[in-house]
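Visitor: Please pick one part of this model and walk me through it slowly. I'd like to see what sits around it.

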Amino acid sequence: MINEVRNTVMAILNKDNNGYVTPEEFNLFAKQAQLELFEEYFYDYKNALNLQNKRLSNSGYADIPKQLAEVIDLFTKKSTGLTYVGGTTSFTLPTDWYTLNVVYYNTTTEVERVNQNKINQLVMSNITAPTTTYPAYYLTGASNSTPTPTSPGNSIIVYPSTIINNIDVLYVRYPSDPKWTYNTVSGSPVFNQSAADYQDFELPLSDQDTLVFKILEYAGVNIREAAVTAFASQEEAINDQKET
Amino acid sequence: MAYITNYQYYTNSGTVPQNANWGEYQYVSLKDIVNNFMLMYVGDDKLVNNVTRYNVLFHAKRGIQEINYDALRNIKVLQQSVGDDLRFVLPPDYVNYVRISVEKDGILFPLHENSQINYATEYLKDNNGNLLFDQNGEVLEEELSQLDRDRLAGLPKQQFLDSGLRYGQWGWCVDGSWYFSYGIGGYYGLDTSKANVNDSFRINKQSGVINFSSGVNAQSIVLEYVSDGMENGDDDSVTINKLAEDYIYSYVRWAILDNKIDTQEYVVRRAKKEKMAKLRNAKIRLSNMHSGRLLMTLRGRDKWIK
């Protein structure tokens, strides 16, 4: 999909000789556009659920929450046997997580997320103190083994403290950075899909038009062409309106 | 919990204890209650959403405690001998007693609670009657109060029991002559709440012991008591009878809605009504009324009363 997106973007930009975007710039805009769209899925999903609860949603092909959930599900990943760091009594999370879905202990027992400010009260409670049947965790900063985390909190502390292994996590990961790879032929970049670092967009094909508009917005700002940005914004707004 | 095969049920798959699964079908575990509630009653399209599992766990346990006091009456029985200290330490899961008896030759003789058997703390004093304190400024206490010492020594005797003050009977000494109520008529002024030939006890809730009158020394005591169903904090052992399962769901739902901000009052009231109705249902179901047993009891109507 990435080549079609780039070709479309270049076609619109080259109309009236608006300007040119290098492959490196395109890759930066593509990453930004994909991240933006990826995050929008969660808000769209929330809005769709709100509509559903107001009985403004339907079933079958009109089941929008289901369709949105299917896209988000594409990014779910399971990481088994998280590494336990004895010094900080924490488990190190994978570096590409966006949001944690479920944490499991011993494959099937769900570990519940608890806010940091509640964990002490929970542990001290006679009736709800975490046990191996009802374990709990809270999210915390980097553990000793990973001094440069990619996420603000990249480890979890699990209660009861007797749990020191068999922690798995089901999470939603960030999409991989798209990369339009190329060979230079006669001074011009020519698309090369077989390059080792090639990476296509991970969003569904139905998002191709939105990706084009978003990249055009960035490109328009880059080449100082207000008309391009205005066109892209307007098209995106119309698109959003249709989808709601 | 998944259904188990007959082999697993009768023999626990050949592992010890083999009776581990006997009768378990009557019960649903706390784990299942919490899991089912989170699955069936919590969601974006349900009345309850965005609730933590520990919230559900807390209310489920509270509901189980409540129904244990109200309807389940799962009575536990503990037998122990009482020594010279005439004391019986309450079991760790004790909430309230149902009956306390002395067991003799397989027969239970119920004891009665006597508020006149008292307990007290006694402070130590020097010869001049001044209180004594330790190095931290705390007052020193006697190991046993005068009340305890009297009780251990067999005093006071119960009124109208088999051992009296004179000739084995309670009486009044007037001008050197003894008068006994039997000789002059009925037991006028008898306190029926304490008139029992068996011994008596008093529960010291603060100390967590049952104090007995001296007659039970070296006797075997049977304590029937109710617990709160929490199985000493072992969550995996906490279960509830299936006849009360629906009540627990209703209780948890009401408790959560009652505490949730912006829940319409009519929704809370509806949940409360449902909870109360389910509690009544559970009580009726658990009251264990059988027509055959009722018939046996009603046959007593034909008995001749002399």
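**A strand and its neighbours**

Guide: Let's start with the whole sheet: in chain A, eight strands make an open sheet with mixed pairing, in the order β1-β8-β4-β5-β6-β7-β3-β2. The edge strands, pairing on one side only, are β1 (76–79) and β2 (83–85) of chain A. A strand here is a DSSP run of E with at least two residues, numbered from the N terminus, and two strands pair if DSSP finds at least two bridges between them. Bear in mind that this is a predicted model, with local features needing pLDDT of at least 70. Residues count from 1 along each chain, and chains are lettered from A.

Now zoom in on β6(A), residues 136–140.

Strand β5(A), residues 109–113, runs parallel to β6(A), and two bridges join them. Look for Glu112(A), which stands opposite Ala136(A) of β6(A).

On to β7(A), residues 155–159: it runs antiparallel to β6(A), with five bridges between the two. One pair to find is Thr140(A) with its bridge partner in β7(A), Ser155(A).

Keep going past β7(A) and you reach β3(A), residues 90–92, joined to β7(A) by two bridges and running antiparallel to it. There, Phe91(A) stands opposite Ile156(A) of β7(A).

Technical notes:
Predicted model: local features only at pLDDT ≥ 70, side-chain atom pairs only at ≥ 80, totals over all residues. Heavy atoms only, no water. Buried < 20%, exposed > 50% of the residue type's maximum accessible area, 1.4 Å probe, protein only. Helix = DSSP H or I, 4+ residues; strand = E, 2+ residues; numbered from the N terminus.
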